[in-house]
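Colleague: I would like to learn how to read strands, helices and domain contacts in a model like this one. Could we go through some examples together?

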Amino acid sequence: MSKNRVPAVEGMFRMDFDNPQLIGGRSKATGTYYFPKELSGSDPLAEGSTDREEVLLSTEGTIWSFTTASYPPALPYQITEPFEPFIICAVELEKEQIVVCGQMMPGIDIDDIDVGTKAKLALDVLYEDNETEHIVWKWDLV
Amino acid sequence: MSVAEIAVLGVGMHKWGKFPGKTFVDIGVEAANSALDDSGIGWDEIQFLSGANTVRNGYPGWVSASTFANALGFQGCQIASSYAACASGATALSIARSQILSGICDVALVIGADQVEKGMFAPVPGERPNDVDWLRFRLMGLSNPAYFGMFARRRMALYGDRQDDFAAVKVKNSQHGVNNPNARYAKEFTIDDVNASPVVADPLRLLEICSTSDGGAALVVSSLEYARKKGFKDLVKIAGISTVSPVYPNAIIDMPYFASDSWVSSGDKDHTFKNQIAQHAYKEAGIKPSDLDFAEVYDLSSAYELDWYEHIGLCEKGKARELLHNGDTRIGGKVPVNPSGGLGAFGEAIPAQAIAQVCELTWQLRGEATGRQVENAKVGMSINYGMFGHGSSVIARI
């Protein structure tokens with residue numbers, strides 16, 4: 001029987017494996033974008049939190065930079081033993097003019113990516129327990 | 001704008017390293033006593049104590065000023081405890097300066113000390129999905145070295161920097177730090193040593209990423225009038241302190257955020273808070289980058305030091321590598337950077353680090369930095385960044 005799938009965090013992305021999208025915010029006053037919708041930097045020219053409308057962010061962009069987590073990150077990162085090093089990248093979205101980080105999908109070789117490489121949003125398992133898979137966004141090659 | 005100056009009467013440090021038998025209080029008190037001895041001012045004469053907090057040592061660390069005052073012996077002076085992540089020391093100093101310049105006190109003691117577990121810094125425990133510092137670890141394992149790795153890769157792509165350029169920073173700082181009795185690592189590393197250490201956050205290796213450390217530092221500061229009355233000559237003066245917050249939008253991603261601000265409204269995709277930090281310090285001191293004789297910058301990683309050359313205006317963007325390889329930032333060069341050895345030789349003791357930077361500025365300006373002295377140093381700057389948006393920079397001169 002397949003496991004129950006839940007988002008690892010509420011309200012930051014659409015739980016749709018075929019058409020995943022990040023949920024951000026947009027200022028009606030200045031047009032600036034936020035990700036996440038809350039908890040990000042705040043535009044002093046925008047008129048408080050009621051000014052932020054929910055928007056879905058572009059699903060493709062270019063890699064702004066990247067690195068590896070070659071050692072296990074600290075808690076609250078949930079490590080699946082044995083630890084497999086992974087790639088983290090920051091992707092620049094052209095329309096929103098914002099850079100969003102995420103892990104890269106497993107199996108991608110670091111030699112196949114560079115600053116400027118195109119990337120698209122994907123969903124994947126972040127960690128799992130006996131009954132549940134906790135899902136998060138990751139970046140994939142186009 | 002030019003802000004009135006205060007005097008540095010005494011500086012003191014406890015060596016950086018791992019001291020599991022000591023508490024942060026022991027370490028801070030040793031540094032404080034050493035600063036008091038250096039100044040010749042007694043603890044009973046101190047009118048204000050400014051403590052830089054540690055958040056890794058329970059309640060006593062969150063009220064560091066009363067903790068240190070009690071350890072030194074409660075004598076009734078006014079106190080303040082502050083926390084601003086890596087900027088805590090500069091914040092504590094700026095509070096002491098405000099007390100002095102407002103005339104509330106004449107002489108103050110500033111102390112920061114830390115004692116930490118081995119390994120990478122981790123967020124405060126618990127389930128806290130409304131805290132980006134917690135979320136960055138939970139959702140993607142975005143630890144501090146990952147930011148350093150991304151900054152380094154960005155330099156490689158934009159400016160053609162190579163991994164060996166970064167390693168050369170570590171080599172330089174280890175050559176500086178080998179002559180500093182307070183540094184943790186008394187060893188000169190070679191490029192081969194760096195390249196033999198394991199990759200932590202591509203392209204950066206273990207020897208290029210600063211380690212978490214125990215350490216303590218303290219300053220005795222006063223009004224210029226008090227210093228003169230006490231007979232001090234050739235005063236080291238604090239000419240500028242920057243504790244600015246960012247101007248939105250910060251287009252360059254930084255700890256602990258996992259997205260940048262959008263530059264849709266500003267149109268400036270290069271705006272970074274780190275430039276602002278230095279600009280404010282220059283403004284207060286009424287000087288420009290070319291007036292600096294040396295600088296202490298926050299080399300959390302080897303590549304990060306190169307970013308700072310550009311943020312503080314020692315060179316244009318992309319030219320830091322040239323400065324490094326010309327020898328300009330080495331002791332004996334045009335503008336030595338991290339003559340103390342920097343975090344590469346020290347590691348990081350969060351609330352003590354910005355205070356330690358001011359200790360080094362003072363020793364250099366007094367000509368007392370034995371084995372690592374910058375010749376004829378008259379003006380120096382220290383700089384770092386406190387997570388979530390706390391600026392930290394100090395300009396001192398003699």
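Modeller: Gladly. Let us begin with a definition: two strands count as paired if DSSP finds at least two bridges between them. Keep in mind that what you see is a predicted model.

Colleague: Thanks. What is the general idea behind strand pairing?

Modeller: Strands of a sheet pair through backbone hydrogen bonds, and the pairing is either parallel or antiparallel. Take β6(A) as a case. Seven bridges link β6(A) to strand β5 of chain A, residues 60–69, in the antiparallel sense. On the other hand, β6(A) is joined to strand β7 of chain A, residues 98–104, by six bridges, and this pair also runs antiparallel.

Colleague: Which residues are the bridge partners of E92(A)?

Modeller: E92(A) in β6(A) has T62(A) as a bridge partner, and in β7(A) the partner of E92(A) is V99(A).

Colleague: How many residues lie between the strands in the hairpin of β6(A) and β7(A)?

Modeller: Four residues lie between them, and in this hairpin Q97(A) takes a positive phi near 50 degrees.

Colleague: And how should I read the two faces of a strand?

Modeller: In a regular strand the side chains alternate between the two faces of the sheet. Here, one side of β6(A) carries F86(A), I88(A), A90(A) and E92(A), the other carries I87(A), C89(A), V91(A) and L93(A), and all of them are buried. Eight of the eight residues of β6(A), residues 86–93, are buried, so this strand is largely enclosed by the rest of the structure.

Colleague: Let us turn to helices. What should I know first?

Modeller: An α-helix has 3.6 residues a turn, so residues three or four places apart point the same way. Look at α10 of chain B, residues 273–285: its 13 residues reach 19 Å from the first C-alpha to the last, close to the 18 Å expected at 1.5 Å a residue. Ten of the 13 residues of α10(B) are buried, which leaves this helix mostly covered. Among them are F273(B), I277(B), H280(B), A281(B) and E284(B).

Colleague: What covers the buried residues of α10(B)?

Modeller: The cover includes α4 (88–101), α6 (144–159), β8 (236–242), α11, β10 (379–386) and β11 (390–397) of chain B. Just after α10(B), G286(B) takes a positive phi of about 65 degrees.

Colleague: How many residues of α11(B) are buried?

Modeller: Ten of the ten residues of α11(B), residues 302–311, are buried. They include Y304(B), L306(B), W308(B) and Y309(B). After this helix comes G313(B), with a positive phi near 85 degrees.

Colleague: Can we follow one buried residue? What does I241(B) touch?

Modeller: I241(B) sits in strand β8 of chain B and is buried, with a relative accessible area of 2%. Leaving out residues up to four places away in sequence, I241(B) touches A90(B), L93(B), S94(B), R97(B), H280(B), E284(B), S393(B) and V394(B).

Colleague: Finally, how do I describe the contact between two domains?

Modeller: The size of an interface is often given as the accessible area lost when the parts come together. The domain assignment of chain B gives domain 1 (6–119 + 214–237) and domain 2 (132–207 + 239–397). Domain 1 of chain B brings 42 residues to the contact and domain 2 of chain B brings 38 residues. Between them these domains bury about 2900 Å², with 68% of it on carbon and sulfur atoms. M13(B), W16(B) and C86(B) supply 25% of the area that domain 1 of chain B buries against domain 2 of chain B, more than any other three residues.

Colleague: How many disulfides does a search of the whole structure find?

Modeller: The search finds zero disulfides over all chains. For C86(B), the nearest cysteine sulfur belongs to C210(B) and is 8.3 Å away; a disulfide would need the sulfur atoms within 2.5 Å. C86(B) is buried, with a relative accessible area of 11%.

Methods
Residues numbered from 1 in each chain as written. Chains lettered and ligands numbered in written order. Predicted model: local features only at pLDDT ≥ 70, side-chain atom pairs only at ≥ 80, totals over all residues. Heavy atoms only, no water. Buried < 20%, exposed > 50% of the residue type's maximum accessible area, 1.4 Å probe, protein only. Helix = DSSP H or I, 4+ residues; strand = E, 2+ residues; numbered from the N terminus. Expected span 1.5 Å × (residues − 1). Contact = heavy atoms within 4.5 Å. Domains from an automatic or database assignment. Buried area = accessible area lost by both parts, 1.4 Å probe.
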